Amino acid sequence: SMYLPGETLPIRIIQEGRDPDQGVGYLEDGTMVVVESGRSFMDRTVNVEVTKFIERDAGRMYFAVPSKK
């Protein structure tokens, strides 16, 4: 599944990110989603809005923020 910036999706935050306050979750296919300000949602599922994605050798990686909607 492909998400574009501005789209929202539910993601379960399962670990801390590299930067302070980041949370990390994964899509069903294993794609990593880094959620800014997501650390406070640890072990919870939160709706997030995609801000950007990057293509890497290992596949796509998403960046997102908790949805205001």
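Which residue in β6 is the bridge partner of V50? Keep that in mind while you get your bearings; note that this is a predicted model.

**Stop one: the sheet.** Colour the strands and you'll find six of them in an open sheet, running β1-β5-β6-β4-β3-β2 with mixed pairing.

**Stop two: β5 and β6.** Now select residues 45–56, which is β5, and residues 59–66, which is β6. These two strands pair in the antiparallel sense over eight bridges. Click on V50 and look across to β6: its bridge partner there is A64.

**Stop three: the aromatics.** Show the side chains of Y3, F53 and Y62, which form one aromatic cluster. Across the whole structure, a search turns up two aromatic pairs. Zoom in on Y3 and Y62: the ring centres are 6.0 Å apart and the planes meet at 75°, which is over 60, so this pair is edge-to-face. Y3 belongs to the segment before β1 while Y62 is in strand β6, so the pair ties together parts 59 residues apart in sequence.

**Stop four: charges over rings.** The charged end of R60 sits over the F53 ring, 5.4 Å from its centre. Then select K52 and F63: K52 lies over the face of F63, at 4.9 Å from the ring centre.

How values were computed
Residues numbered from 1 in each chain as written. Predicted model: local features only at pLDDT ≥ 70, side-chain atom pairs only at ≥ 80, totals over all residues. Heavy atoms only, no water. Pairing = 2+ DSSP bridges. Helix = DSSP H or I, 4+ residues; strand = E, 2+ residues; numbered from the N terminus. Phe/Tyr/Trp six-rings, centres within 6.5 Å; stacked < 30°, edge-to-face > 60°. Lys NZ or Arg CZ within 6 Å of the ring centre and 35° of its normal.
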